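Dear colleague,

Please find the structure below, handed over for your records. My findings follow directly after it.

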Amino acid sequence: MSAAKIFTYKEVAEANGHVIINDKVYDVSEFVNEHPGGDEIIIEFFGQDCTQDFEDIGHSPDAQKTLQKLYVGDVDTTSEKIVKENDASTQSSSEQQPDFKKLVALLIIVAAFLLYKNYSA
Ligand code: HEM
């Protein structure tokens, strides 16, 4: 058997339908159509680490066996991690908004305080 391929997080993110579970890389591009839990749930994780979710569901030993068949290599855990843009940014942009407003409010308060100090001196 040839040595396992080593993927960087970037390579996994750019591959078509790969996921990471416990630092191992699996090609689930075809399996998604057969997944008893539905395809979308896995598609969401394409290019990412789904260890937590895979384990939270309590997949059976059968699922573990299926996983072994889909194994394509290991992830280089020292490579730079990739944060998926679409979900993360749509979620955080709505969260960033109030933060940004708070920052502007703070700047106005600081500016007002400095002005006040200047004029009252
Ligand atoms: C990527 C590799 C995965 C494989 C090989 C896999 C395999 C399987 C298999 C064989 C089952 C049938 C039940 C069992 O044997 O445990 C199953 C069920 C299920 N899987 Fe996955 N799964 C994978 C990833 C995921 C992920 C990332 C999620 C996300 C949360 C997920 C969610 C579910 C759910 C909710 C069920 C239950 C379906 C039901 O009982 O109605 N799976 N999976």
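Helices (H or I, at least four residues) and strands (E, at least two) are taken here as DSSP runs, numbered from the N terminus. The model is a predicted one: local features need pLDDT of at least 70 and side-chain atom pairs count only at pLDDT 80 or more, while totals for chains, interfaces and linings use all residues. Residues are numbered from 1 along each chain as its sequence is written.

Ligand shell. The ligand is surrounded by 20 residues, where a residue is near a molecule if its C-beta atom, placed from the backbone, lies within 6 Å of it. The closest are P36, G37, D53, S60 and A63. At least two shell residues come from each of α2 (39-43), α3 (51-56) and α4 (61-70), and α4 has the largest share, with four residues.

Nonpolar core. The largest such core (buried Ala, Val, Leu, Ile, Met, Phe, Trp, Tyr and Cys residues joined through C-beta atoms within 7 Å; buried means 20 or more other C-beta atoms within 10 Å of a residue's own, exposed 12 or fewer, partly exposed in between) has 13 residues. Two or more of these come from each of α1 (9-14), β2 (18-21) and β3 (24-27), with β2 giving the most, three residues. V75 is among the residues with the most contacts inside the core.

Loop residue. H59 lies in the loop between α3 and α4. H59 counts as partly exposed because it has 16 C-beta neighbours inside 10 Å.
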